[in-house]
Amino acid sequence: DASRMKLEADLGLMEGQPVARDERGRTWTYRLRHPTQDRVRTVLRHPFVEDTARIDAARLEIVD
């Protein structure tokens, strides 16, 4: 939990919620504080980020 919380803070992630359908508890949803293209790029490129659903990687934008 401490490692996850540090990573969340470093990436500017907030309001983290575990995804119920992930039985392993590895998938969480977040809001990105100040979702600039640079911040989105940082999240996409981070080696510990495994699931980037709802991010348009080509446009570096959060999609709803």
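Author: A nonpolar core is a set of buried Ala, Val, Leu, Ile, Met, Phe, Trp, Tyr and Cys residues joined through side-chain atoms within 4.5 Å. Buried means under 20% relative accessible area, exposed means over 50%, and partly exposed is in between (1.4 Å probe, protein chains only). What you have there is a predicted model, where local features need pLDDT of at least 70, side-chain atom pairs count only at pLDDT 80 or more, and totals for chains, interfaces and linings use all residues. Residues are numbered from 1 along each chain as its sequence is written, and side-chain values use heavy atoms, with hydrogens and water left out.

Reader: Which residues make up the largest nonpolar core?

Author: As a rule, nonpolar side chains in soluble globular proteins tend to be buried together. Here the largest such core has eight residues in all, namely Leu7, Leu11, Leu13, Leu32, Val40, Val43, Ile55 and Leu60.

Reader: Which elements give two or more residues to this core?

Author: Elements here are DSSP runs numbered from the N terminus: helices (H or I) of at least four residues and strands (E) of at least two. The ones that give this core two or more residues are α1 and α2 (37-45).

Reader: Which residues are buried in α1?

Author: Helix α1 covers residues 2-11. The buried ones in α1 are Leu7, Glu8 and Leu11.

Reader: How wide is the arc they cover around the axis?

Author: An α-helix has 3.6 residues a turn, so residues three or four places apart point the same way. Taking the directions from the helix axis to the C-beta atoms, Leu7, Glu8 and Leu11 sit on the same side of α1 because they cover an arc of only 100°.

Reader: What do the buried residues of α1 pack against?

Author: Contact means heavy atoms within 4.5 Å. Glu8, leaving aside its neighbours within four places in sequence, is in contact with Leu13, Trp28 and Tyr30. Taken together, the buried residues of α1 pack against β1 (13-18), β2 (28-32) and α2.

Reader: A polar contact joins the side chain of Glu8 to which residue?

Author: Glu8 counts as buried because its relative accessibility is 12%. A polar contact is a pair of N or O atoms within 3.5 Å; within protein, one must be able to donate a hydrogen and the other to accept it, and residues adjacent in sequence count only if both atoms are side-chain atoms. At 2.5 Å, the side chain of Glu8 is joined in this way to that of Tyr30.

Reader: The side chain of Asp22 reaches which backbone nitrogen at 2.6 Å?

Author: Asp22 lies in the loop between β1 and β2, and it counts as buried because its relative accessibility is 14%. A polar atom of its side chain lies 2.7 Å from the backbone nitrogen of Arg26. At 2.6 Å, the Asp22 side chain also reaches the backbone nitrogen of Thr27.

Reader: Which residues does Gln37 touch, not counting those up to four places away in sequence?

Author: Gln37 is in helix α2 and is partly exposed, because its relative accessibility is 45%. The C-alpha atoms of Gln37 and Arg59 are separated by 8.1 Å, with the two 22 residues apart along the chain. Seen from the other end, the contacts of Leu60 include Gln37, Val40 and Arg41. Beyond four places in sequence, Gln37 touches Arg59 and Leu60.

Reader: What is the phi of Arg54?

Author: Most residues other than glycine have a negative phi. Arg54 lies in the loop between α2 and β3 (55-56) and is partly exposed, because its relative accessibility is 47%. Arg54 is not a glycine either, and its positive phi is about 70°.

Reader: How many residues does β2 give to the lining of the largest pocket?

Author: The largest pocket is lined by 28 residues, with Leu13, Trp28, Thr29, Tyr30 and Asp51 nearest its centre. A pocket is an open set of points on a 1 Å grid over the protein atoms alone, where a 1.4 Å probe fits, with protein on both sides within 12 Å along at least five of seven lines; lining residues have an atom within 4 Å of a point. Both α1 and β2 supply at least two residues of the lining. The largest share comes from β2, with five residues.
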